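Have the structure open as you read.

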Amino acid sequence: MGNCRMPNGFSIEHDVASPDVWESIQKWLSTNMLPSYPEPSTPITATLKTGNNYMTEISSESEHKNELIEVPIPWETGRQMQQRKVAQFGNCKYDYVADIAVACEGDDSNSISHPIPEYIRRVLLRPDKIEDTETYTQCIINLYEAENEIPWHIDHEYFGEKVLVYTFGEERPLLFRKKNNGDNSLDDLEDDDGGRENLGGEGCDSDSYVYSVSYPRHCSMYLLKGGAREIWEHSAPCGLGQRVSITFRSWRGPRECCK
């Protein structure tokens, strides 16, 4: 049974990051590839829509965008990451070997080995577009090749109550599912109306799960909070090209219910 409702707490905006910002980030990623990985033979590309929804650039930003090139990227890869490339910055990280979120050593940004690059924070965590920007203290970059998927998961409970994600490159569907517990399984869905026309989602139920799907485009931004963050699993399938995600999270550590 199909529906056009999305998980409660999910929102998305398209064409948020400007082409200039993406050009700077793409150059940074290509320049700082893992030593064992050659630079891609074809650049990460996507068709850009013409529109006026891009973040307005700070007038002096173009003078500083090259500062990003000098920032080293602490790439990781391996079986635990499904062979994709991952880089983590900030005061906490996900330990893929131990399968748990952990706090990094040190109590302030000066003692963190890999703080969030200032350029990334400045252009993607804009106070005029993002609420509570200071709460985001962790950033993870995922580089997906065509054969890399995002398996079903919920971000680890030690991370904060909001997860903010930018997507670049190939458009892939963002899938959601939760256990089908009967009639109340639909209580955690929102109608796709009332200013939510840019969600572009649809859903389908089964005996075991309730499903929903959205389609983040190149330079889109989406937010997971509430049920979308805590209850619904999300995933993305393999594709035909490269996809980059830049995710911002905060740290809350073990909660009382987890001790």
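Is Tyr144 buried or exposed? At 4% relative accessibility, Tyr144 counts as buried; the cut-offs are under 20% relative accessible area for buried, over 50% for exposed and partly exposed in between, with a 1.4 Å probe and protein chains only.

## Ground rules

This is a predicted model, where local features need pLDDT of at least 70 and side-chain atom pairs count only at pLDDT 80 or more, while totals for chains, interfaces and linings use all residues. Residues are numbered from 1 along each chain as its sequence is written, and side-chain values use heavy atoms, with hydrogens and water left out.

## Tyr144 and its strand

Tyr144 sits in strand E8 (residues 138-144). Helices (H or I, at least four residues) and strands (E, at least two) are DSSP runs, numbered from the N terminus. Setting aside neighbours within four places in sequence, Tyr144 is in contact (heavy atoms within 4.5 Å) with Arg84, Glu149, Ile150, Arg172, Gly241, Gln242, Arg243 and Ser245. Gln82 is 62 residues from Tyr144 in sequence, yet their C-alpha atoms are 9.6 Å apart.

Seven of the seven residues of E8 are buried, so the strand is largely enclosed by the rest of the structure. Gln138, Ile140, Asn142 and Tyr144 point one way from E8, with Cys139, Ile141 and Leu143 pointing the other way.

## Strand partners

Strands count as paired if DSSP finds at least two bridges between them. E8 runs antiparallel to E5, joined by six bridges, and Ala87 stands opposite Ile141. E8 also pairs with E17 in the antiparallel sense, over seven bridges; there, Ile140 has Thr247 as its bridge partner.

## The core and helix H1

A nonpolar core here is a set of buried Ala, Val, Leu, Ile, Met, Phe, Trp, Tyr and Cys residues joined through side-chain atoms within 4.5 Å. The largest one has 33 residues, and those with the most contacts inside it include Ile25, Ile141 and Phe248. Helix H1 (19-31), strand E5 (85-90), E8 and strand E17 (243-249) are among the elements that each supply at least two residues. H1 gives the most, with five.

The buried residues of H1 include Trp22, Ile25, Trp28 and Leu29, and its buried residues pack against E5, E8 and E17, among others. As for length, the expected span is 1.5 Å times one less than the number of residues; the 13 residues of H1 should span 18 Å, and its end C-alpha atoms are 18 Å apart, which agrees.
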